[in-house]
Amino acid sequence: MADALAGAAALPGAAAPAAHASLRGVTRVYPGAAPVHALGPIDLDLARGEFFSVVGPSGCGKSTLIDVQAGLAAPSAGEVMFEGKPVAGKVPDGIGVVFQEDASFPWLTVTDNIAFGLRRAGVDPAEVRRRVEYAIGFMGLRDFARAYPVQLSGGMRQRVCIARTLVLQPRLILLDEPFGALDQQTRLLMGDELLRLWRETRATVLLITHALDEAAMLSDRVGAMSARPGRFVDLLKTGWPRERDSSLVAEAGFGAITARLWSHLRAESLKAMGGAPP
Amino acid sequence: MSRGRAVLASRVGLIVGSIALLEILCRTGVINPLTLLAPSQMAVAMVDLLASGKVTPDIERTFSTVAIAFALSVVVGTAAGAVLHAMPRLRRALDPLLASYYAVPFFVFYPVLVAFFGLNEMPLVAIGFAAAMVAMAISTLNGLDRVPPVLIKVARMHRLGRLRTLFLVVVPAAAASLMTGMKLALAYAFISIIAGEFILSGRGLGYQIAYAYNSFDNKTMYGLMLFVLLVATAMNSLLHMWEQRLLRRRARA
């Protein structure tokens, strides 16, 4: 039953290109009387099955990066690819996005929220039931299957949104600060769940976060972004084994990774706040 | 007793108490029966009147006029709200008009409307529609303004087309405001059409109340007034309950 959420395994692996998803020279400028250069130029290759996190100061274009990779926003310049095909105009099949804000549908029960995309895609009802039940169990929502989002805590609603994306069996999961509104303990535990989910689905994950420890603990690689317009100032390999969880925070290497990320972010965050690094 | 039940009990108590007080004041002669009938007499008069079938054509006339005005105002008001939401410039231009529409005495247009539509129910439909449509359009605008942009992103992530996004995401997300609009539209249509009949028409419940008033027929007048009051309250309460149900579900903690 574990394959109920696994999408990546169904893909023809041999014919796949080296990079699962990539950004080439991507920039994003918001037009207007005073155009805002929000992002780039950015180059990024995500390997299939990789867990990649992006950290950066507030307003550096992290969310824009997700929107552009997802096809929710067009780049002003450059090329966005997913599984060898350009991403243009709409979200390609195989990409799932979890947003920072509460994106649950308040008029639907937890079950109907999670089944939303599957029903719209015309998936067989028995298969919808199977996948939704699995996702509800996987995300620890069994006691709330018939509840409405308003009856749930913020963390649980975010789980509903993650489950709603998961059942679509995305091969690339884009998460835009999904735990931003949660307390530290819940965030660590949700991080463990995210790792479990990543291993089980074998999907590629791009996580945006403002929490250095979260990035350091969860990722195979972490990209540190500059103040706006966001560019990568460091790409760092963590070297963690695939089997890992939040107990990593006690590892000696963990401190070194967060320290290196902070050294970049401190300077960039000061710039973003209008100050100069001492 | 839960808090909700206590509130309900005190509401019912207030209404029953007021009616009982009025009944006592009327029965003891403190209030002249030529001025006001006792509530029990009003109720008897209403039942007799309805059973006699004398006012059935007027009831049908008024309700059909209200129904047409209401349906038109909901359809046109929702569409107008959606168009204004999609065209911010037009919206900015019309903003002062939307904000002050309730100050327009639509009844003064009656002669023009009669000249336009003839002496039938259409001028009253137009007056009811004019009063109700803008309320519906404003509520639609409010509802659309409050649809969280992230839900539209979710729709795009699920690769929904425009129509499916509209019906599966936008309309449910704005449902509570649309319901408020319908509640207001029904109330405005009802009020303006009854008032229009009162002054301007030769048929309908409003006309019959005015006719009874002019003929010193207190029983018919108060019977009809009670009937109109009960119907208006019942319709509004139903819509209000529905609206509250939608609002409770949408309240984000």
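Biologist: How many helices and strands are there in chain A?

Modeller: In this predicted model, chain A has 7 helices and 10 strands, where helices (H or I, at least four residues) and strands (E, at least two) are DSSP runs numbered from the N terminus. Residues are numbered from 1 along each chain as its sequence is written, and chains are lettered from A, with ligands numbered from 1, in the order in which they are written. Local features need pLDDT of at least 70 and side-chain atom pairs count only at pLDDT 80 or more, while totals for chains, interfaces and linings use all residues.

Biologist: Why is chain A called as compact as a globular protein of its length?

Modeller: The radius of gyration, taken over C-alpha atoms, is set against a globule rule of 2.2 Å times the number of residues to the power 0.38; chain A has 19 Å, close to the 19 Å that the rule gives for 278 residues, so chain A is as compact as a globular protein of that length.

Biologist: What makes strand 2 and strand 5 of chain A edge strands?

Modeller: Two strands pair if DSSP finds at least two bridges between them, and the open sheet of 4 strands in chain A has the order 2-1-4-5 with antiparallel pairing. Strand 2 (36-47) and strand 5 (85-86) each pair on one side only, and are therefore its edges.

Biologist: How do you know that strand 1 and strand 4 of chain A pair?

Modeller: Strand 1 (residues 19-30) and strand 4 (residues 77-82) of chain A run antiparallel and are joined by 5 bridges, where at least two are required. Within strand 4, A:E79 stands opposite A:R24.
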